Each structure stands twice: as C-alpha cells, then as structure tokens.
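In these entries I record what I looked up in one structure. I begin with a pair of rings and then turn to a helix.

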Amino acid sequence: MSRKDYYEILSLPRNAQAEEIKKAYRQMALKHHPDRNPGNKEAEERFKEAAEAYSVLIDPEKRNVYDRFGHEGLRGGGFQGFSGFDSSVFEDFEDILGNFFGFSFGNFFGAGERPRGRSRQRGRDLALEVEIGLSEAAAGVEKEIKLNRAEACPACRGSKRKPGISPSACPTCGGKGQVRYQQGFFTVAKTCPRCQGQGEVITEPCETCGGKGHVREKRSLRVRIPAGVEDGSRLRLAGEGEAGEEGMPAGDLYVVTRVRPHPFFERDGNDLSCRIDVSFAQAALGGRVEIPTLVGSEVLKVPPGTQSGETFKLKGQGVPDISGRRKGDLYVTVLVQTPKDLSKEQKTLLAKLAELRGEAVETVDRSVLERFKSLFESSERPH
Ligand SMILES: [Zn+2]
Ligand SMILES: [Zn+2]
C-alpha cells in the first residue's frame, strides 16, 4: 500500500479539527465506495486509503504520533500498523458504510483473523432478602435461606453434550467459527451463525439437561449474618449464584438484610434511642429505673430535679459496629408524667405541697405573665 500523507489523502490542513476530518472522510468514502464503483480498482484503493487516514487522524493519540514521526512512528510504538484497528471509529458512518467494515475490517487491511465468537459467560449473580429483628442485627445471627438456582448439569458437567460424545466441527464453517462470502469484489468474513463462532456444534445433546448445560436446583444455605448489619446491608457469598457456562465461574449470591423496626428502640447508625416515662415524684426526688436493652436490662440513675425531655446516655448499649471495633450508645429520653385522676386525698396533698412552695394554684397564677413582662421590659429598656 502506498505511503501517502494522511492529510493529503483527505485534503485536510494539518490543523484540521475532528469535525472537518469526519466531513472529509464522509465525502471520500461516498465518492469511492465500492458499491458506486463496481470493479474499479483505483476507487477501491482510494476507499481503503481514506479509511486508513481517517482512523489515524480521528484518534488523538495516533494522530500525535503520526504528526511527529510519520508512518514510521505508527509502525512501531505499539500501533503495529492496522492490526489493532478499532472499527468503532467508523460508527458515525454506519449510514454510508452499512455493515461493510463491521465484517470486513480484519481482511481489509490484511490483519490477522480474530476469533469473533461470543465468549463464554460467567454465571449470573443472584440476590435475595432476609428479614431479621433488631436484636439479631445487633448480635449477629445464622439464617437458613432457600433459593432456586441454575447449577452445572451433573451429567455433562455443563458441556451440554451427551457424556462420552466428542464435539463435532461445525459443518457450516468447518470449525473456523467464521464464514466468508463475496460482497462485490471483497471477501467478507462473518461470525458463523450456526455455531456462534465456537467452531463446534453439539450433535447429541445431554439428556439430563436437554442440552442447556445446567439444571435448576432448590438449595438451602445457612448464612452467617454478622453483628452490626443495617437495613439494606448486602452480604456477598462468592460463587453461590448461578452456574457459569462450561468452565466459567459461577455468579455470586447477594443477601440483603432487612431489619424490622423495633417497637421500643429507634436506631441511628450504631446508636439507639428510646423514651421512658417517669413519675413526677421520681423526677423530682431522683431514682433508679430499670431500662430494657437489646441484650437484657440496665439501671438508669435519674438524678433529683430531672426535667421532662432530658436525655441520658448509656454507654456501649447500642449496636456494635460491623467492623467489631466499637459499640454504639443508648440514649434514654425521660418524659415526666403529670398525674391524672387524682383522688381527693392526693389532691389535698398536692395542694399542700404547692402551698408550702408558695405556688399559687386556686387563685390566678401571675408568675408566667410576670416573667414574660420582665423579659419584654428589659429588652425594650435602653442599655
Ligand atoms: Zn447436561
Ligand atoms: Zn460454525
């Protein structure tokens, strides 16, 4: 092939932008397209040249090498001429090229044939949910899960063939995985439609799996769920997904934990919170209250004079971190209950207490209003 300058081939200035390069190539490809010039060797050459020039100039890396070192640079430098041709650069020209390049590139520039067969696939991943309680999430738990998955056929071990029968070369492509046909004066190679490029066909399929290579099995697995998982945590069990195609690894199984909401505790990360009621007397005098925890109970000391809404921390009574390094805390909010349905005697005692504290009960209590007024006046008063 001639070593003409790529810019000359496409009639482009050396500083041409990508859009210009595309436009110039489109014009050239249309003009010299073999379908428009049947049997014209000259046009065929121009058509090839333009494609080669375009594939270099549109690739910034190759273009840079070409600008600095010319054709020689492209021959070395890992580009190895066009054997590493990336036909995807021609995607924009599908309308004019059709599948012309998609099939014929390898032969077009004399590059080695690449097997184009569909590669064998690893198995699919599976995912399922497991519901657990908050205590189980905090302590860790072992659960049995049931799944229905594709496993390699025990008879043919995934080969799809009847055991003992060797694969036969594909009669359509003669085992090459590609078929060739004439398109105009080009020989076009295409992945064999019969064997999908594998080069071999199964004449006697395995009877156990019907030639699928896998069978569906119901399995139950015991899964260790570690302490500290959250709602939505994903555990990966490598290789417990569906079987891969012959010789390929199985997929993975993802277990998603769903943690049921707890009636008493709320969870925020590793910390827990809860609310407890204490009586007016407990809050005023102080006292000890037994608090439930995820593992048993703890005694919370309520100091004298505790106000409703105050929060106390029980250190280390939360959920362990999934790394196991630390534990969250439990925050207990105390709500002071105002007594209702007081008996006559209780009312008398409370009134007595109020009287001793100089609190007005039966008459109009002006203390709230007075406090408000003093705040208002002090802020209005000039400093
Ligand atoms: Zn089988
Ligand atoms: Zn074939």
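Entry 1: The model is predicted: local features need pLDDT of at least 70, side-chain atom pairs count only at pLDDT 80 or more, and totals for chains, interfaces and linings use all residues. Residues are numbered from 1 along each chain as its sequence is written, chains are lettered from A and ligands numbered from 1 in the order in which they are written, and side-chain values use heavy atoms, with hydrogens and water left out.

**Entry 2: a second pair.** I noted that the ring centres of Phe264 and Phe265 lie 5.0 Å apart with planes at 75°, so this pair is edge-to-face. Rings of Phe, Tyr and Trp (its six-membered ring) pair if their centres lie within 6.5 Å; planes under 30 degrees apart count as stacked, over 60 as edge-to-face and the rest as tilted. Phe265 is buried at 5% relative accessible area, whereas Phe264 is partly exposed at 30%.

**Entry 3: the search.** Ring pairs join Tyr6, Tyr7 and Tyr66 into a cluster.

**Entry 4: helix α4.** Where does α4 bend? I located a bend of about 130° at Phe69, taken as the angle between axes fitted to the seven residues ending there and the seven starting there. Helices (H or I, at least four residues) and strands (E, at least two) are DSSP runs, numbered from the N terminus. Among the buried residues of α4 are Val65, Tyr66 and Leu74.

Key
Buried < 20%, exposed > 50% of the residue type's maximum accessible area, 1.4 Å probe, protein only.
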